[in-house]
Amino acid sequence: MAVRDNSGAVLDLIRSAGIISRVELAQHSGLTEASISRIVKLLIADGLVAETGRGTSTGGKRPTLLELNRSARHAVGIYLSNYRTRFVLTDLSGRVVAHSESPTGIVDHRRSEAVREATTIISALLTAAQVSRESLLGIGIAVPGRQEVNRYLQSTQPEDWTEWDWASIQQDFAEGTGMWVSIENDSTCGAIGEFWISRAPAARDLAVVTMASGIGFGLITDGDVYRGATSNVGELGHVVVDANGPECECGSRGCLELYASPGRIVQRALTDDILAGRLALSGDAASLWADYERIAIAAANDDEGARAVIVHAAHMLSVALVSITNILDLERVVLTGPALDHVGALVAETVRAELAERAFARNVHTIDVRVSDSGRDAAAVGAASLVIHQRLGATRRDRAGSSSSTDLSAAV
Ligand SMILES: [Zn+2]
C-alpha cells in the first residue's frame, strides 16, 4: 500500500494512544519501521504530529515519543436537530475550544436562514478561540436520519419536505461558507465523537446510544462506523419493546420511542395531575423541551414522581438494549445526548442494573454502561471528527495530486 494510504491509519494510532513511539507504531500497525519512519516524517512535515521527549529504553537508545499536534488543525461541528442547533469548534484531538447554541432548529426556520446563521456563528467561534480560518479543515453537520427528517417534514411541511434534504443542506452550506462540508446521521456522529474523544482504540467495538428528541444508536467496529445501506442505521427508537403496544408512526407497534423519547416522557408525566401541577408542566407542544427539562431536573433532585417517570423510560430502553447486546455481544455502551443532561446517571444506573440481570453474556463478562463526558456536544463533536478523518485522508491525496487550498481559504 502507498504511504498516503497508511498515513491515516498511523495518525489514528497516534490519536488513540495519546503518546507513542515509532517502534510501537510499527508493532501496532504491522508496517515496517522504515515505512513508519517515512509516514511519521510526512506527518511531522504537515504539522499534524509532534515529537515530545523520549520514552524509556528497552535495551537500546531511548525512543522518541510522538503525539498529535492538536492545535495544528481545527474543524467545526454543527448538530442541526429539530429544535436547536449546536455549534462546536474542535482541535485535532476533538477537544472543544469554543461552542455556541442557537434556539432554532429544523422545525423553526428555512435552510437558507440556517446557513446565514452558521456563517455568523462560525466567525464568532474562530474569533473567540483565536483560531485562524486557514487551520479549519471544514464543517461537519449532524442531522437526524434521512428517513426521520423526511417523515417529519412530510407531516409538518407537506408542501416542501425536501427543504432539509441532505444533499441540499450539504450543497448550501458548502456554497454559503466556501468550506468543505460533510453530513452524517446524528447517531452515527455521536458514535464517531465518542470514539474520537475517548481515544478508544480502533480495535475495540463501541456502541453509543444518543438520547435526543428521538433515540439513536451508533456502532463503531474496527475503527470505522457502521453506516448501513442508506444511512438510516441506528433507529433504536423504532426497536419494538411491546409487540402489542400502540401503533407507531413508522408503521410498527410498541416502538421504544413511544415509551422513552422526551415527548412520551412528558405525556406520561401529564397523566399524573399532581406531578404535572407540582412541576408546572405546560403540556403545550411548543414547550415540549422545557417541560421535559423540568421533569429531568426534578428527577435528578429526587422528586419521586419525576424519578419514576424517568426510570420507566430507562427500563424500556433497557428492554431494547438487552436484545441489541444479545445480538452484538457488546462490552461497552456509552449513553449520550441532550435528553441526558440532568438524568444521565439515573438512566445509566437503571440500564446497567438491567443488563447485569438479563443480558445473555452476563456470566461471561460485565457490560460497561457509562455516560459520555461530551453530553450535549456528542453529535456536534462527532460531526467535526468526521471532517478531521475525511480531510486528513484528502490532504494525503492532494499531496500527490491537485491542490486543496482553495476550499480552505474561502470566506466563512
Ligand atoms: Zn416506530
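Cysteine 248 is buried, with a relative accessible area of 7%, where buried means under 20% relative accessible area, exposed over 50% and partly exposed in between, computed with a 1.4 Å probe on protein chains only. The model is a predicted one, in which local features need pLDDT of at least 70 and side-chain atom pairs count only at pLDDT 80 or more, whereas totals for chains, interfaces and linings use all residues. Residues are numbered from 1 along each chain as its sequence is written, and side-chain values use heavy atoms, with hydrogens and water left out.

**Zinc site**

- The zinc ion has as its protein donors His238 (ND1), Cys248 (SG), Cys250 (SG) and Cys255 (SG), which lie 2.0 to 2.3 Å from it; donors are N, O and S atoms within 2.8 Å of the metal (3.2 Å for Na, K and Ca), and because water is not among the atoms, sites may look incomplete.
- The angles among the 4 donor atoms run from 106 to 119°, and the site of the zinc ion is tetrahedral, a label given to four donors if all angles lie between 85 and 135 degrees.
- For four tetrahedral donors, the ideal angle at a metal is 109.5 degrees.
- Along the sequence, the donor residues of the zinc ion follow the spacing H-x9-C-x1-C-x4-C.

**Cysteines**

- Cysteine 255, a donor to the zinc ion, counts as buried at 0% relative accessibility.
- Cysteine 189 likewise counts as buried, at 0% relative accessibility.
- The count of disulfides comes to 0, a disulfide being a pair of cysteine sulfur atoms within 2.5 Å.

**Aromatic pair**

- A search of the whole structure finds 1 aromatic pair, formed by tryptophan 289 and tyrosine 292, which is tilted, with 5.6 Å centre to centre and 45° between the planes.
- Rings of Phe, Tyr and Trp (its six-membered ring) pair if their centres lie within 6.5 Å, and planes under 30 degrees apart count as stacked, over 60 as edge-to-face and the rest as tilted.
- Tryptophan 289 and tyrosine 292 both lie in helix H11 (residues 288-300), 3 residues apart, about one turn of the helix, and both are buried.

**Whole chain**

- The protein chain has 15 helices and 13 strands, taken as DSSP runs numbered from the N terminus, with helices (H or I) of at least four residues and strands (E) of at least two.
- Of the 412 residues in the protein chain, 52% are buried.

Terms used: Tetrahedral: all angles 85-135°; square planar, octahedral: opposite > 155°, others 65-115°.
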